[in-house]
Amino acid sequence: MKSVIIDNKTKEKIPYVNIWVENETIGTTSNEKGEFELKIDSPKIILFSALGFETKRILSDSIKQVIELKPQTTKLDEIIISSKKQNKSLTIGKFKKSKINHYFAFGKNPWIAARFFEYQAIYESTPYLSKIRILTKSKVKGSKFNIRLYDINEKGEPDNYIFHKNIIGTANKGKRITEIDISELNIKFPKNGFFIAFECLIIEDNKYEFNYTIKDSKEKQKGIRYDPKIGLIPRDENKNSWIFNQGKWRKVLKNNNYSSKRYNNKYNQIAIELTLKN
């Protein structure tokens, strides 16, 4: 099944749309031209998710050469525009790169990993989101990923975008702290907190092929993943970590098979630092 995804108003192609087979671990991502290919062997419900557009569910048998997504209508709160004197900054969520040795790797299916940042009164003097820094590890030069910013709903889940456009980050090869500057977006830290979500992109430029050996066997297998991987911090409790796949959000589960004592029987939290400015 091949198709291209467009905006139903402007007719422009929509890049980096994540596409899932509902309730299954099968999916892909549209490329920069809005094109995608998905192989399924029977009729399924296909879910299309893109920033700034309403999520769409279509029976695979009814998918045509062109799929149209409807722009999302959002009611905005009243805002006050004022000049900013950026002489104060505050970094939250600090982590030590040298202490992190476990990562969330993405296979052949799209995932979104989210971390909640709670509002604190101390942020009042530095209310603007300035920089996002994420620990990444990549075998691919210039692997791309998307950042989504979500509000929180009554269930504590990520819900409703607080910014309606893709924020594309690029990770260099190796273990890096990848920085995304969002200072020009003039986004204030929401008083009810918000989620920063890392969205993997199942595109050709991110593909990494490797060989591995199955345990208790000498037979080599070929594997595929899509970089970059993202660093994980072990936590005793899960208050703020969520995963989106198969078209649903769910809380991150506790690790129970890690060889590392530091990570075993803990919850994974993605390694993100956030810089705030006035």
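Which residues of the largest nonpolar core touch the most other members? They are Ile-132, Leu-149, Phe-189 and Leu-274, out of 42 residues in that core. This is a predicted model, where local features need pLDDT of at least 70, side-chain atom pairs count only at pLDDT 80 or more, and totals for chains, interfaces and linings use all residues. Residues are numbered from 1 along each chain as its sequence is written, and side-chain values use heavy atoms, leaving out hydrogens and water.

**Nonpolar cores**
- A nonpolar core here is a set of buried Ala, Val, Leu, Ile, Met, Phe, Trp, Tyr and Cys residues joined through side-chain atoms within 4.5 Å; buried means under 20% relative accessible area, exposed over 50%, and partly exposed in between (1.4 Å probe, protein chains only).
- A second, separate core has 15 residues, including Ile-14, Ile-46, Ile-58 and Leu-69.

**Aromatic pairs**
- Rings of Phe, Tyr and Trp (its six-membered ring) pair if their centres lie within 6.5 Å, with planes under 30 degrees apart counted as stacked, over 60 as edge-to-face and the rest as tilted; the count comes to 17 aromatic pairs.
- Tyr-150 and Trp-249 form an edge-to-face pair, because their ring centres are 5.5 Å apart and their planes meet at 90°.

**Around Phe-210**
- The rings of Phe-210 and Tyr-212 have centres 6.1 Å apart and planes at 45°, so this pair is tilted.
- Phe-210 is partly exposed at 26% relative accessible area, and Tyr-212 is partly exposed at 38%.
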